[in-house]
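Thanks, everyone, for making the time this morning. I would like to walk you through part of one model, so please have a look at it before I go on.

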Amino acid sequence: MVRFPRFIHGLLVLVLVLLTSCSQPPATVATPPTYTPAQLERVHEYVNNIQANYERMSELQADLNRQDWQAARATLRGPLGQMLQDMRNLERNLLPADQKLAHALNRAFAEDLLDIDGAADQKNLSLALRKYDAATADFAQFLQALPQG
């Protein structure tokens with residue numbers, strides 16, 4: 001067996017260390033998370049329930065226009081309260097990237113409904129109708145933010 005001089009041996013070790021430290025594993029492109037068909041089905045179930053309860057918003061508007069404050073508050077706390085709960089449950093079934101926007105829009109819609117309830121308590125028609133318009137706009141944005149497909 002031939003003995004390498006220390007210089008050549010050290011040089012080989014240095015080259016090997018340099019090659020291994022500078023090499024990189026092949027870059028992998030991570031695919032963004034997507035909804036599975038089961039997740040989309042679950043989302044659509046929630047959306048159908050939410051839209052069914054949202055149809056009661058026209059009832060709320062009629063109650064407000066008649067200044068039937070007790071009926072308006074009952075609608076807010078009954079079917080529309082259930083709708084808010086379904087919206088929160090739907091939020092949890094979204095991908096993390098979609099949850100932030102849905103949460104913000106859900107919160108804005110909930111605050112609008114609370115403001116309508118407060119206006120009904122104060123019997124303030126103009127404030128209740130302004131907040132009703134804001135609630136319908138926030139709800140439309142919430143639906144647009146949901147995954148389609």
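Let me begin with α6, in what is, I should say at once, a predicted model: this helix has 27 residues, which at 1.5 Å a residue should span 39 Å, and because its end C-alpha atoms are 39 Å apart, the expectation and the model agree. Its buried residues include Leu-105, Phe-109, Leu-113 and Ile-116, along with Asn-106, Asp-112 and Asp-117, and the buried residues of α6 pack against α3, α4, α5 and α7. Just after α6 ends, Lys-123 takes a positive phi of about 60 degrees.

Of those neighbours, let me take α4 next. Helix α4, residues 69-77, packs with α6, residues 96-122, at an angle of about 155 degrees, the axes being 9 Å apart; as that angle is over 145 degrees, α4 is roughly antiparallel to α6. The crossing in which α4 passes α6 is left-handed. On the α4 side, Trp-69, Arg-73, Leu-76 and Arg-77 make the contact, and they meet Leu-113, Ile-116, Asp-117, Ala-120 and Asp-121 of α6, a set that divides into 5 nonpolar residues, 4 charged and no polar ones.

Finally, α5, residues 79-92: with 14 residues at 1.5 Å each it should span 20 Å, and since its end C-alpha atoms are 20 Å apart, that agrees. Among the buried residues of α5 are Pro-79, Leu-80, Met-83, Leu-84 and Met-87, but also Asp-86, Asn-89 and Glu-91, and what covers the buried residues of this helix includes α2, α3, α4, α6 and α7.

Definitions and conventions:
Residues are numbered from 1 along each chain as its sequence is written. This is a predicted model: local features need pLDDT of at least 70, side-chain atom pairs count only at pLDDT 80 or more; totals for chains, interfaces and linings use all residues. Side-chain values use heavy atoms; hydrogens and water are left out. Axes are lines fitted to C-alpha atoms, for helices over the stretch in contact, and angles run from 0 to 180 degrees between N-to-C directions. Helices (H or I, at least four residues) and strands (E, at least two) are DSSP runs, numbered from the N terminus. Angles under 35 degrees count as roughly parallel, over 145 as roughly antiparallel, 65 to 115 as roughly perpendicular and the rest as oblique. A crossing is left-handed if the near helix is turned anticlockwise from the far one by less than a right angle, and right-handed if clockwise. Contact means heavy atoms within 4.5 Å. Ala, Val, Leu, Ile, Met, Phe, Trp, Tyr, Cys and Pro count as nonpolar, Asp, Glu, Lys and Arg as charged, and the others, Gly among them, as polar. The expected span of a helix is 1.5 Å times one less than its number of residues. Buried means under 20% relative accessible area, exposed over 50%, partly exposed in between (1.4 Å probe, protein chains only).
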